[in-house]
Amino acid sequence: MAEKGKSNRVQVLSGNEACALGALAAGMRFYAGYPITPSSEVAEVLSLELPKVGGVFIQMEDEIASIGAIIGASLAGSKSMTATSGPGFSLMQENIGYASMAEVPIVIVNVMRGGPSTGLPTMPAQADIMQARWGTHGDHPVIALAPYSVREAFTLTVRAFNLAESFRTPVVLLMDEILGHVNEKVVLPLPQELEIVDRVRPQVSPQDYLPYAFTKNGVPPMVSFGEGYRYHVTGLAHDESGFPTNQPEKIERLLLRLNGKLEKNRENIVDFQVDDFDDAQVGVISYGSSARAARHAVRLAREAGIKAGLFRLKTIWPFADQEIEAHTKHLKAWIVPEMNLGQIAHEVEWVVGRSIPVHRINRIDGNPINPLEIMAKIKEIA
Amino acid sequence: MFDYETYLRTSKMPLIWCAGCGDGIVLKAMLRAIHKLGLEKDKICMVSGIGCSSRLTGYVDFNTLHTTHGRAITFATGIKMARPELHVIVVTGDGDATAIGGNHYIHAARRNIDLTVILFNNNIYGMTGGQVSPTTPLGKFASTAPYGNFENSFNISGLALAAGASFVARSTVYHATQLEKYVEKAILKKGFSVVEVITQCPTTYGRRNREGTAVDMMLAQKENSIPVSRARTMSEEELEGKIVTGILVDTEKPECRSEYQKIIDRFSQPTGSVETKR
Amino acid sequence: MNEKVAVAGKIEIRINEAWCKGCAICVEFCPQDVLVMENGVAQVCNLEACTACGLCELRCPDFAITVKKG
Ligand SMILES: Cc1ncc(C[n+]2csc(CCOP(=O)(O)OP(=O)(O)O)c2C)c(N)n1
Ligand code: SF4
Ligand code: SF4
Ligand code: SF4
């Protein structure tokens with residue numbers, strides 16, 4: 001039982017298991033998914049646990065069906081989630097755009113594996129960074145988070161739901177094969193220690209309800225189907241009432257609000273962690289399981305008397321551009337280790353311009369980045 | 001007294017459909033059936049895909065969801081699983097349900113989830129301008145079948161039946177009263193139910209295939225319809241080009257959401273509280 | 001709303017001209033030849049013959065014609 005003091009609460013969990021438990025703790029009560037390595041444990045845990053809390057688990061016929069089902073369930077009032085990996089994430093893209101456009105809170109877990117195509121089913125990668133941002137067509141908002149430890153797989157899953165509910169938007173949790181499968185000793189927060197956010201409900205009567213109202217923070221209140229409000233939801237461009245419109249000014253207003261709502265609230269969304277940064281001369285930007293190697297390398301560097309610091313992204317999108325810029329001031333260079341060909345490095349270059357060099361460390365062969373490789377680069381620069 | 005307008009969002013009308021499009025006749029039959037069953041508007045959730053027929057959800061005063069092409073059944077599955085007390089009715093076209101959405105259609109039938117699918121079969125892709133669909137008969141013309149369709153077509157009711165649906169019926173817009181009766185039965189049925197309705201698209205299908213006006217097309221529906229009881233005594237050749245109408249299957253079998261409820265009832269902990277420990 | 005109302009005895013036929021698209025379905029399927037097309041919309045021309053069978057209303061795709069027997 002959970003409440004018997006801290007020592008009892010130490011447990012060994014994988015990232016996938018912690019993610020599933022985080023979702024339950026966040027209040028997720030509907031899961032739909034299609035099996036794919038290396039994400040399947042999320043589904044397996046939830047198939048076991050959801051009915052115990054009165055929730056629903058369903059294995060659908062494919063990933064398109066899975067995301068369709070979770071959007072439907074969310075509109076019906078259940079916090080909903082799916083988990084997948086690259087090929088399945090690709091199939092989900094059209095409906096991720098639907099959730100953005102129709103402003104339906106959902107969480108999509110992508111336990112990244114090597115791509116493209118079937119790629120490396122059992123090996124890690126971090127190459128779906130840009131797909132998480134731009135995978136679906138059209139200008140659209142999205143939030144993506146990247147946990148780096150098993151404990152964070154839990155806490156960031158909780159946060160993913162909180163953000164989805166706060167901003168009525170799909171949130172992508174970018175895990176990777178290493179984190180999904182690594183077993184760590186953890187002490188998870190107790191349910192009562194967690195902040196849980198639920199969608200804001202309308203304060204008006206059904207006649208006055210505008211499901212896509214222009215509110216101060218850009219997020220319209222949301223009510224579930226079946227509660228007497230009887231509104232219309234569509235992926236077509238729509239007005240405040242939710243019905244399709246062809247009027248240019250209404251279309252523009254909608255799209256500006258949609259894309260602006262995260263920008264407006266970015267302070268409450270963007271999250272990162274810095275280690276040893278006060279006097280740092282060489283900065284390492286990393287995320288997900290690569291940040292484990294990066295942290296190790298920075299510690300080795302410090303032990304060797306080199307002033308290195310780690311800037312770890314917890315949110316990938318919206319990108320922490322202002323924060324990175326602010327941390328660039330006293331640096332000689334940035335190093336960006338990641339398991340892809342430089343998807344985040346590219347963003348960092350965009351932020352820092354020509355002010356300092358941005359060194360890439362890329363690994364795309366299905367193996368994790370070796371801390372010593374990062375350490376060597378730090379030494380070379382320092 | 002029954003008044004269609006009780007169920008309509010009249011401020012959004014006139015309907016988007018072409019003159020003589022059969023889809024409005026189906027809509028009316030659906031509203032009469034819903035009225036007859038005395039269903040509460042708040043408890044109805046109508047879900048559609050993409051296509052002319054799928055625009056229906058914009059006009060009815062229920063909880064309405066206009067989804068993506070082919071995926072209406074998946075959204076509806078999520079709604080039904082999350083809120084089984086809602087009557088979830090899917091509105092979809094032949095292309096929507098059996099081309100791009102074919103996999104969802106057969107799997108919903110297989111799991112026998114309690115959805116009512118009203119499948120508008122006009123043998124064509126209406127919305128996109130008359131391209132060939134999985135139900136366009138062999139030899140008929142479409143904007144992408146300028147030399148005549150060289151593929152065989154689906155028997156989409158048969159597909160649902162074979163995949164495990166609890167209730168399958170076929171009717172036409174000409175037979176609007178029969179259609180209404182089938183919609184009513186389909187909604188009442190606890191399980192996956194399909195009403196395939198043959199409807200006319202005079203604009204793209206009728207014109208290209210020289211089938212005349214909407215009225216001509218409806219008269220053809222009348223002429224070509226064969227009740228299922230009689231069809232059973234006829235050969236395949238005799239049934240060529242005919243529309244077999246009637247209830248094709250009406251059976252009781254375990255329904256997906258109710259089966260899941262048994263699992264919840266058996267395993268749910270009374271507190272319903274979550275532990276962050278495995 | 002451009003609504004035309006024809007009343008004869010207890011029978012009342014209303015045609016909503018704003019919704020009528022002129023498909024002539026009501027005209028063709030009226031067993032009593034009560035209706036005609038005029039300038040692209042349905043019109044009542046022979047209400048006396050109407051039996052209030054409701055077939056025109058049943059098949060009108062656009063909710064444009066309603067028949068009431070009071
Ligand atoms: C993924 C995707 N592919 C293609 C389309 C374009 N599209 C819109 S409606 C449609 C066909 C609709 O045909 P049907 O389902 O038979 O409905 P109808 O218009 O005839 O009622 C197509 C191909 C789309 N909207 N989305
Ligand atoms: S194109 Fe065909 S299916 Fe679409 S509204 Fe017109 S008649 Fe109906
Ligand atoms: S009610 Fe019957 S008789 Fe009267 S106009 Fe309509 S179809 Fe004709
Ligand atoms: S059937 Fe309806 S839309 Fe068509 S002509 Fe008659 S009243 Fe008008």
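Which residues of helix 2 (residues 40-49) of chain A are buried? Ser40(A), Val42(A), Ala43(A), Val45(A), Leu46(A) and Glu49(A) are. Buried means under 20% relative accessible area, exposed over 50%, and partly exposed in between (1.4 Å probe, protein chains only).

These legends describe a predicted model, in which local features need pLDDT of at least 70, side-chain atom pairs count only at pLDDT 80 or more, and totals for chains, interfaces and linings use all residues. Residues are numbered from 1 along each chain as its sequence is written, chains are lettered from A and ligands numbered from 1 in the order in which they are written, and side-chain values use heavy atoms, with hydrogens and water left out.

**View 1. Helix 2 of chain A and its cover.**
The cover over the buried residues of helix 2 includes helix 1 (15-26), strand 2 (28-33), strand 3 (56-59) and strand 4 (79-84) of chain A. Helices (H or I, at least four residues) and strands (E, at least two) are DSSP runs, numbered from the N terminus. Pro38(A) sits in the loop between strand 2 and helix 2. A cis peptide bond links Thr37(A) to Pro38(A), with omega about 5°.

Pro318(A) belongs to the loop between strand 14 (315-317) and helix 11 (321-326) of chain A. Most peptide bonds are trans, and most residues other than glycine have a negative phi.

**View 2. Two residues with positive phi.**
Ser117(A) has phi near 55° and is not a glycine. Its place is the loop between strand 5 (106-114) and strand 6 (120-124) of chain A. Ser117(A) counts as exposed because its relative accessible area is 62%. Asn123(B) has phi near 65°, again positive in a residue other than glycine. The loop between strand 4 (116-121) and helix 5 (156-163) of chain B holds Asn123(B). Asn123(B) counts as buried because its relative accessibility is 15%.

**View 3. The nonpolar cores.**
A nonpolar core is a set of buried Ala, Val, Leu, Ile, Met, Phe, Trp, Tyr and Cys residues joined through side-chain atoms within 4.5 Å. The largest core has 141 residues. Met81(A) and Trp334(A) touch the most other members. Helix 6 (residues 150-167) of chain A gives the largest share of this core, ten residues. A second, separate core has 65 residues, among them Ala6(C), Ile25(C), Cys60(C) and Val67(C).

**View 4. Chain A against chain B.**
Contact means heavy atoms within 4.5 Å. Chain A brings 63 residues to the contact and chain B brings 46 residues. The area buried between them is about 4,300 Å², with 58% from carbon and sulfur atoms. Buried area is the accessible area (1.4 Å probe) that two parts lose on being put together, summed over both. Glu61(A), Phe225(A) and Arg230(A) supply 17% of the area that chain A buries here, more than any other three residues. Four salt bridges are counted between chain A and chain B. A salt bridge is a side-chain nitrogen of Lys or Arg within 4 Å of a carboxyl oxygen of Asp or Glu. Arg230(A) forms a salt bridge with Asp42(B), with the closest N and O atoms 2.8 Å apart.

**View 5. Thr68(B) and its contacts.**
Thr68(B) lies in the loop between strand 2 (63-66) and helix 2 (72-82) of chain B. Thr68(B) is buried because its relative accessibility is 6%. Not counting residues up to four places away in sequence, Thr68(B) touches Glu94(A), Asn95(A) and Tyr98(A) in chain A, and Gly49(B), Ile50(B), Phe75(B) and Asp96(B) in chain B.

**View 6. Chain C against chain B.**
Here 15 residues of chain C contact 28 residues of chain B. The buried area is about 1,800 Å², with 71% from carbon and sulfur atoms. Trp19(C), Leu58(C) and Phe63(C) supply 39% of the area that chain C buries against chain B, more than any other three residues. Zero salt bridges are found across this interface. No contact joins chain A and chain C, and their closest C-alpha atoms lie 19 Å apart.
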